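Work through the exercises below with the sequence and the structure at hand. Each task is followed by a solution in steps.

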Amino acid sequence: MKVGLFIPCYINQLYPQVGKATLELLERLNVDVMYPLGQTCCGQPMANSGYEYESVGSCNNFVSNFKDFDYIVTPSGSCAYHVKKHYDIIPQTDDVVKVRENVYELCDFILNVLKVKNVGAKFPYKVGIHKSCHGLRGLRLGSCSEKVTEAYSYIGELLKEVSGTEVIELTRADECCGFGGTFAVTEEAISVKMGKDRIKDHLDNGVEVITATDTSCLMHLEGLVTRNKQPLKILHIAEILNSVN
Amino acid sequence: MSHSKAATIFNKDEKKVNWHDKALWFVRHKRDKSAHSVKGWEELRNLGHGIKAHTLSNLDTYLIQFEENAIKNGVQVHWAADADEHNKIVQSILKAHNAKKVVKSKSMLTEECHLNPFLEANDIEVIDTDLGERIVQLAKEPPSHIVLPAIHKKKEEVDVLFQEHLGTKPCDGDPQYLTGEARKHLREKFIQADAAITGVNFAVADTGGFVVCTNEGNADMGVHLAPVHIACMGIEKLIPKQEHLGVFLRLLGRSATGQHITTYSSHFKKPRNGAKMHIVIVDNGRTEQLSRPDFRASLHCIRCGACMNTCPIYRRSGGHSYDSTIPGPIGSILSPGKDLKKHSTLPFASTLCGSCSDVCPVKIDIHTQLYKWRQIITKETPQPFIKKTSMKMMGNIFSKPSQFDKVGKVARWSLRNLPKGMINSKPNVWGKARDLPLGPKESFEDWYKKRNKDEQ
């Protein structure tokens, strides 16, 4: 099983520690994982802003980087969802179809492909899960509060097995944080208000660390927490699952 | 005004935003409780979706069937291609009956057609009889929500409004007193009315009958007292059979307010002895929307308002920020079909979180349609120069890994070395309320290359 690691553009440049944690975690789980050089972006920022046609170069670069892998794993539900849902703007060659089928968000891959629940991590903190929307309602990485289905959460299942971690229930289980790509800037007032409200929910319920499958949501929340000097730590799920010492 | 500008103004009063958000979240929560008490909820949604898709695919047949049956029942049926024709038809019916005073129960279609100002300009008094509608009518405002038209108003504001228009005493916003006074005021109007106008929630093709849902019984009060009943409906309100009401009435009440069923589901079929009944069937852009495969499903909408209650943006920007008859997520996919330029910012008033699609009782893929409208809007309406160029630049940078690497280096250096005041200066909208991450010295790719070299 050959696994290609996709590190989203903003993680590559701004949060390399999330990429490192993802790679180390997969290696620790004995995955034959490789990071093909020359990665950029999945194309989502342009496409979600209405400029899908400007994202074609990114899509092609993505496919050429990953066409030879059995699985593509990424620490981002949002990017994985974008590849799956919106790569219909480029011709559907065998390579494109294969890449779209085999791209996985990290927790999904660990739980459902590797079939591992306990990754051997230790993290003695009260953790609040921010259920990033594209992973939740796009990839269905968990049940959402709107639909009448059985309750499940991939990230929750993995966190449950982490030694010392207490997962905290929130008042609003899966409300959006307000990041939304360029929305964060074009609808600044609402974006900030949504983020503040999410953070308040975590604080009110005694959370010490907010985690998620997506660093994009976390960057937005961290930006607010840092600016407002709030007593919260923000970590990507890969960083928690990779805490072994 | 763009949605974001209106939203920024709404957000100047954070306490009011919190109150508005909580009021609507409460309704969403009630909806959750009542939906989760139905075992086959997702099946019901599938059925609702399927029946609507089928009906829209055979709309011509069902419309004609409906008309034939309605005529058999003794109802007069009128067809209106657009809002203007609709208004004129209503006016001509009123004129024929010499009707000067009209009571109207809730109808988003007549809002869409701007019927009230049209009739008022023709010396006809129109009174909205739904309490929320009456409140916004007195305030000379459009409804801010399709089920809860005055949800943006606090009871204290209603108190002041009623003092001015209904001569009530100051009461500190006592809801019981205020509704009691509204009731007295409306009863008088019901008794005086020469004609009653209602909307239509569901029109049944195989019987020619239709159903109007209200929680206040105001449709019945109006219709039963006035000698003329005019029901106005969009062409998409049809369902093929009476039995399909069993699906839609269950979905509607729960999705709208968390009630098992709306308090009054009033079935109308034929005029009572001596009275007249008219139905006005309106297109007003609907067939055009039907012709767009990507957006056709927006016509499934049963106007429950659940997408508004769940939308984190709607809750924090208020219905008026959308500046369209139907606000919120569903409005943001319907309105661009009517006037792309005017409503061009609405599909961007979303994080594409998808909550609207999952809460929708008839499974409209709202967030996917928002995404699709965005692609059309950037091509067909003028876009800010800066947005267009920056997207082109990003597209280019991301196409070429070497360029991405270079730009990344500069960005990281800047974040690490430039003073915070400069980073968060005005052009950086992000930095107004949020910090940016500190730029790390090496990117992930730098680190990975180095690690592999060290290992060799």
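Two residues are in contact if their C-beta atoms, placed from the backbone, lie within 7 Å. The model is predicted.

**Exercise 1. Which residues does B:Val102 touch, leaving out those up to four places away in sequence?**

Step 1. Leave out the residues up to four places from B:Val102 in sequence.
Step 2. List the remaining contacts: B:Leu94, B:Leu119, B:Ile124, B:Glu125, B:Val126, B:Ala193, B:Asp194, B:Ala195 and B:Ile197.
Step 3. The largest nonpolar core has 177 residues, and B:Val102 and B:Ala195 have the most contacts inside it. Helix 12 of chain A gives the most to this core, namely six residues.
Step 4. Look for a core apart from this one. Another core has eleven residues, including B:Leu24, B:Ala150, B:Leu178 and B:Leu186.

**Exercise 2. Describe how helix 16 and helix 18 of chain B cross.**

Step 1. Locate the helices: helix 16 of chain B covers residues 328-338, and helix 18 of chain B covers residues 366-380.
Step 2. Take the axes. They come within 9 Å and cross at roughly 35°; the crossing is left-handed.
Step 3. Name the residues in contact. Helix 16 of chain B contributes B:Pro329, B:Ile330, B:Ser332, B:Ile333 and B:Pro336, while helix 18 of chain B contributes B:Ile366, B:Gln369, B:Leu370, B:Trp373 and B:Ile377.
Step 4. Sort them by class: eight are nonpolar, two are polar and none is charged.

**Exercise 3. How many residues of domain 1 of chain A are in contact with domain 2 of chain A?**

Step 1. Take the bounds from the domain assignment of chain A: domain 1 is 3-113 and domain 2 is 126-241.
Step 2. Take the centres over C-alpha atoms; 21 Å separate those of domain 1 and domain 2 of chain A.
Step 3. Count the contacts: 25 residues of domain 1 of chain A meet 22 residues of domain 2 of chain A.
Step 4. Find the elements on the domain 1 side. Those of chain A that give two or more residues are helix 1, helix 2, helix 3, helix 5 (77-86) and helix 7 (106-113).
Step 5. Sort this side by class: 14 nonpolar, eight polar and three charged residues.

**Exercise 4. How many residues of chain A are in contact with chain B?**

Step 1. Count both sides: 60 residues of chain A are in contact with 56 residues of chain B.
Step 2. Find the elements on the chain A side. Among those giving two or more residues are helix 4 (56-66), helix 11 (188-204) and helix 12 (215-227) of chain A.
Step 3. Sort the chain A side by class: 26 nonpolar, 23 polar and eleven charged residues.

Notes:
Residues are numbered from 1 along each chain as its sequence is written. Chains are lettered from A and ligands numbered from 1 in the order in which they are written. This is a predicted model: local features need pLDDT of at least 70, side-chain atom pairs count only at pLDDT 80 or more; totals for chains, interfaces and linings use all residues. Helices (H or I, at least four residues) and strands (E, at least two) are DSSP runs, numbered from the N terminus. Ala, Val, Leu, Ile, Met, Phe, Trp, Tyr, Cys and Pro count as nonpolar, Asp, Glu, Lys and Arg as charged, and the others, Gly among them, as polar. A nonpolar core is a set of buried Ala, Val, Leu, Ile, Met, Phe, Trp, Tyr and Cys residues joined through C-beta atoms within 7 Å. A residue is buried if 20 or more other C-beta atoms lie within 10 Å of its own, exposed if 12 or fewer, and partly exposed in between; C-beta atoms are placed from the backbone. Axes are lines fitted to C-alpha atoms, for helices over the stretch in contact, and angles run from 0 to 180 degrees between N-to-C directions. A crossing is left-handed if the near helix is turned anticlockwise from the far one by less than a right angle, and right-handed if clockwise. Domain bounds come from an automatic or database domain assignment.
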